[in-house]
Each structure stands twice: as structure tokens, then as C-alpha cells.
Amino acid sequence: MDALLLQVLNGLDKGSAYALIALGLTLIFGTLGVVNFAHGALFMLGAFCAVTMQRILTLSYEVVDETRTDFLGNPLKVDVPYVQSWFGDSVGGGIIDWAVPISLLMAVPVMIFVGFAMERGLIKHFYKRPHADQILVTFGLAIVLQEIIKYFYGANPIPTPAPDAFAGSFDFGAMLGMQAGSIIYPYWRLVYFFFALAIIGGVFAFLQFTTFGMVVRAGMADRETVGLLGIDIDRRFTIMFAIAAVVAGLAGVMYAPINSPNYHMGMDFLVLSFVVVVVGGMGSLPGAVAAGFVLGILESFASMAEVVAFLPGINQIIIYLVAIIILLTRPRGLMGRKGVMED
Amino acid sequence: MLGLNRKDSLLFVVVICLTMFAPFLLNPFPEGSELAQFNAGYPDLMQRFVIFGIFAIGFNILFGLTGYLSFGHAAFLGVGSYAGVWMMKLLTMNVIPAILISVVVAGLFSVLVGYISLRRSGIYFSILTLAFAQMSFSLAYSVLTPITNGETGLQLSLNDPRILGVSEVDGSIPPANLFGLSMRDSTELAMGNWLFTFNVGYYLSAVVMLIAFYVAIRIFRSPFGMMLRAVKSNQQRLNYTGLNTKPYTLAAFVISGMYAGLAGGLMVAMDPLAGAERMQWTASGEVVLMTILGGAGTLIGPILGAGFIKYFENIFSKINESILHQWFAFLPDGLEDALVFMVYPFIGKGWHLTLGIMFMLVVIFLPGGLVEGGQRLGRLFRRRRKTDTKPGAGATEPAE
């Protein structure tokens, strides 16, 4: 029992990331009808927002510390971050420690800007072109974004630690009254899961309970009619694109402590997220979210030692295998809407 | 000639000349001069030109004709490479069986993948092929290690049986050969300051590529090719006329898979090792880039694209900061530094950035790739010449 629970928990953080990226992909696809291969790059940009924030906060100057000496007997030079000298050790140190959550604040405007620029500057011109062209141009854009990040940050992963308060792990099993030590779970993964839930809930609430969301949903169902009613649907869809970019970016920011960001992390996630979208059903938001979590958990089940011993290599291919089976048996995906991308 | 019409024969002859005289054409700059680094006439690179040319020609038969965008084509190349190396390990170092088995194995694998993937089209097809390729890649790294040798890659060793050949020659692995003609053999010809290298491996690959190219032309011009184009332009209508398109698309898929296997086999023949990274989806992406950049759906486009990308990958990525400083040395210091600073991100390790930007520009402005670019330029000049006689008569038949 606890082994199963552990696998479910392990699957949650990856599943959350898949769900968030797939949600963004589906938003873009459902509104604009564009297949965005650069969405993984947006996720990566988000993660690098965290890296950048961390670097900004730890910008420092050298101070000579008279009380300590280095091994040659000279006074020791210590790097003191500006933030720390402005706000004092405890507050400043705290700010630096909380770099990742703080970078959420930076990521929102950055991602909105990137989203707008992408949609207005590039994707707008591709509405009428075939899907293959959309895939190709966004694929090119993803390469460009990756290489820009690689140029500025190098090719190696950059560790971006979570705040100390969430750094360790806790004994989840003991909390549920099971044997102590049976389920040890890192705090940050739980934070990530709840964060993902909050974002997903936010997006759904936004679409469901606001007038803006209602118009967008109407536009997804029948764009032409909404346009005939005198509503500028294009502008709203552009905003939805920016929102999707923000979702991907925030997912990236919070994922930075789990996996140190590197320039090609987006692509790794993108391939899987596309599979998730297809499994969930093209154009279905609940489908994308559900499929994200299900596949994340399935992946972690498949990597259990017992399963791998029984079916070697299954942990590597489970997601693709599921996708192939789903696509062949339920062509519309788990919750696909009728009439969306059917051929 | 050979059942081709005049235009195609001309194109074919041009390609024959280009490949046969490549060691001259690609070595225009004398040895030791400043520009010698732009020479591409060394065997390794020339081999890559033609091998990736084959790969791209094959991909183009699928994508260019039927419009099915496969994002997992490198899997066939990888499978072919593995099969080829195994042939060299078990049977003989002669390259013929290795190349043949590569084609056959890749063909069989593509029958399997194609049969399943072709049940869907559009983006779903892309995802399915991608999923298959990623699966092969992951499996090659993990479970199939006994066959693929995992991360190290499959290599030849001295203890291999090689039933029809010899296990070792003077304590080293015998070189890959074609009936005793080693692939590594080269003849060098020095003319003044120029040094031209004629490599056996290159010429074998070039001949194979010419055959592959010829077959591709025949496919493009055949009723079968016509049918594939019909699939691209309107599959639904074909279905309504009561025609089952599946056998045609599957045939195209398998043919292009076999081309990929052929490329993989040749790679092994040139350099007998195979690694899983050849199957990664970035490798599949590369052949997509080549085909689109050159011009999908055209005959010569994929070869151009492959040559273009491989050339710039090799030459551009060698240029470093000090070379840039040399080039701009004639400028005043400040300007020199500024120029180097601006150009530097795009060359050397940043070559992929240039590639990405170029690719985007091509997709946005030139959906027909370099070939369309060439045609537009040609039309522009022709129109200018003809303005006084027949205005607006510049509409030429698209050369393919």
C-alpha cells in the first residue's frame, strides 16, 4: 500500500509539469488552432527567469573582513550581496533564499511580453497556413530561443535551490499513521503539486466564471459567430496566448529547484507534453490536465523495481506506448471534442 | 536518357557532374591560404554530404510527395546502422552485405511503424512517429544494451567472428572494404598549391546516392508519384472516389524508411560504429530542416539542403573569435571589437542559432526552400529581359 502511495506521490510532480505545459498547449491550440512547438521553450524561459532572479539577487561586491584571514594570513575578502547589505543580514538573506518564489513576480510580466511578441510578431501570420508549417516555424523558434539561452547561460545545468524552509523532505507516511520512514517526500515537490493545482484551478475559474472567459469559450466553440456578434475575438485569443505562455513560464520557474535548468529542458518536456495533449484529446482542457497527471503517475509506477524486473525498459517507453494505444483505439483521445483536428 | 525527359536528364547529369567532381569543386582555395578553412573537399565531410543527401531524398519522398510530416525518421537510420555494424561483426567487413541488411532491416521496421502510424494523419501522425522514434532511442539506451551496447555505441572488436572474413589483420580490426578496396583509401593529387583527395568511400557513397537520386526521379515522375501527390493535395477526395490510399502512403513510408536505412548503412561503411544518439528526435529534426531548407517536394532541394546544413555546420562551427578578429583586423579597433561582438554569437558554437533563424526565415518567406528562392531570382532576371517583348510572361514551369 505505502509503495503504491509513494509512486503516486512521485508521479505528481512530473505529472504537474506535464499537466501545466499540456494545459498551455491546449489553450493555444483550442483558441488559435496553432500547434506550438515552442511551448517547451517557454517553459525553459520560465526556469531561466528563476536563474536570472537568483543571479540578480546575489549580485555582490567585495568586502574585506578584518576579523577573518585566509590561509596566507591576509584579511579575507568576502562577497556580500547588495541585497544583504541594504536590508540587513536576516531580511536580505531571506530574500536571496526565496529567490525562486520571488522570480514568479518577474516571470509574469516577462512571459506576458514574450507571449504577446510571439503571437503578434510570428504566429499571427500562420493562422491560415497548414499545420505542418506551424509546427516547423515554431520548431525553428524553439531552436532560436534555446540557443539564445545557451549563449547567455552556457550549456551546463544551473542549480537553483528552493528556499531553505522547503529544502528538506518530510515523513509523509508517519503523518498518515503508517510506519515511520516508509514514505519520505521532499517538501518542494508537494509545493509544486499544490502550485500546479492552484494555477490549473485559476485558469479554469477564469474561463468559467468571467465574462472574458465566457467569450473565449464561445470563440473556441464557434469563432465566426462570435466575430459576427461584433466581438474582437482575435484580441482575446492573443491574450489567451499570453496567458498560456505565463502558465508555461510559471511551471518552469517552480520546476527549477526540482531539476537544475539547462537550455534543452524545454524540448525534453515538450515531446512528452505533446504526447500528453494527444492522449488527453486535442483541444480538451480537462483532458490535457487529467492525462498529464495520469501519465506522470503511470511513468512513476512503471519505474518501480518490481515492474522493471518483470518488463525491462518499460519505464522508458510507457508514455509513448500508452499514447500509441490510445491514438489507435480512441482516435479523439481521452476527452477529445468532436470536430477538433479530425482527419 | 534512361527514361527521363530532357529536363530531368539535364538535372541528373548536373548532379552527376557535381558529385563526381566534388573533390575539385569543394576545394577552391589553395592549401595554406587564409580561405583554406572554407574548403570542404576532405573525405569525411564529402561523405557526410552525400549520405545525408540520401537521407533527405528519402525523407522528401514521404514528406514532399504525400505531405506526411514524420518526426521520427532518424529511427530508421539508427536501426539500419546497428544492423550494418552487426553484419560487419558477424559476417564480413565487405560493405555490400552491411548496406543491404541495413536497407532490409530499416525497411521491415518502417513497415511496422508505418502500418501503425499511417492510421492517423496530420499532427497525430507526427506524434506517432515521434513516439516510435523516442521509444527506439530509449530502448537502445536501456534494455537493448546487449544488441546496441548502450551509451558506448556499437563498435567492432577483435574477437568478432566474421565468418566469411577475417577477425583480425596484424592485430587490428580489418578496414571496411568493397571486395578488398578499403573505404579509407584515398588518392591524392597535388596541383600547384591545391591538394585534391579522392576517397574510395566517398565515391562509393556518391554512386549510391546517384542511384538513389535516379530512383527518386523515377518515383516523382511515375503514376505512383502522381498518386502520392494526390494524397497530399486532397486525400478526402481520393477516398470518396473509392480509392484506398493506405497502400500508397505505406509504400512511400517504407521506401523513405529504406532510404534512411541505406544512409545508415553507408555511415557504417564509412565509419563502423553506431550509437543511439543517431535515433534521437533532434536527428529526426535535422533531416526535416534539411528537406525544408532545400525545398520540400522538389528533386534537388533535399540534396541542396543536406549539403548546405552539413557544410555550414562543419565550416561555421570551426570559426572562433581569433579568426573573426583576423578578418576584421583592417577596421579601427573599436569598430573591430563591436563587429566581432555582434557576429560572434552566430558562429562557432552558436551555429545552431544561425541555423534556427535561417530555418524560420525560410519557413516564413520561402515555403519552397532554397529551390524556390533560386526560381524567384531566375524569374526576376528573366522578366527584366523580357519586359520589352512580352510583359508578364515570366511564369516559368517550376523546375523540380
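Student: Which residue stands opposite Y61(A) in β2(A)?

Tutor: That would be V80(A). Keep in mind as we go that this is a predicted model.

Student: Noted! How many bridges join β1(A) to β2(A), and which way do they run?

Tutor: Seven bridges link strand β1 (residues 60-69) of chain A with strand β2 (residues 75-81) of chain A, and the two run antiparallel. Together β1(A) and β2(A) make a hairpin, with five residues between them. In the turn, G73(A) has a positive phi of about 90°.

Student: And how many of the 10 residues of β1(A) are buried?

Tutor: The number is zero, so β1(A) lies largely in the open.

Student: OK, zooming out. What's in chain A overall, in helices and strands?

Tutor: Chain A has 14 helices and four strands. Of its 343 residues, 46% count as buried.

Student: What are its spans along the principal axes?

Tutor: The C-alpha trace of chain A covers about 75 × 50 × 35 Å.

Student: Now the core. Which residues have the most contacts inside the largest nonpolar core?

Tutor: V275(A) and I54(B) do, in a core of 219 residues. Helix α10 (residues 233-255) of chain A contributes the largest share of this core, 16 residues.

Student: What does V275(A) touch, leaving out residues up to four places away in sequence?

Tutor: In chain A, V275(A) touches I319(A), Y320(A) and A323(A), and from chain B there are I127(B) and A131(B).

Student: That takes us to the contact between the chains. How many residues does each chain put in?

Tutor: Chain A gives 31 residues and chain B gives 35 residues. On the side of chain A that touches chain B, α5 (131-153), α11 (265-280) and α14 (314-329) each supply at least two residues. The most comes from α5(A), with 14 residues.

Student: How does that side of chain A divide by class?

Tutor: There are 24 nonpolar, four polar and three charged residues on the side of chain A that touches chain B.

Student: Last one, over in chain B. How far does helix α15 reach?

Tutor: Helix α15 (residues 351-365) of chain B has 15 residues and reaches 21 Å from its first C-alpha to its last, close to the 21 Å expected at 1.5 Å a residue. Its buried residues include W351(B), F359(B) and V363(B).

Methods:
Residues are numbered from 1 along each chain as its sequence is written. Chains are lettered from A and ligands numbered from 1 in the order in which they are written. This is a predicted model: local features need pLDDT of at least 70, side-chain atom pairs count only at pLDDT 80 or more; totals for chains, interfaces and linings use all residues. A nonpolar core is a set of buried Ala, Val, Leu, Ile, Met, Phe, Trp, Tyr and Cys residues joined through C-beta atoms within 7 Å. A residue is buried if 20 or more other C-beta atoms lie within 10 Å of its own, exposed if 12 or fewer, and partly exposed in between; C-beta atoms are placed from the backbone. Two residues are in contact if their C-beta atoms, placed from the backbone, lie within 7 Å. Ala, Val, Leu, Ile, Met, Phe, Trp, Tyr, Cys and Pro count as nonpolar, Asp, Glu, Lys and Arg as charged, and the others, Gly among them, as polar. The expected span of a helix is 1.5 Å times one less than its number of residues. Two strands pair if DSSP finds at least two bridges between them.
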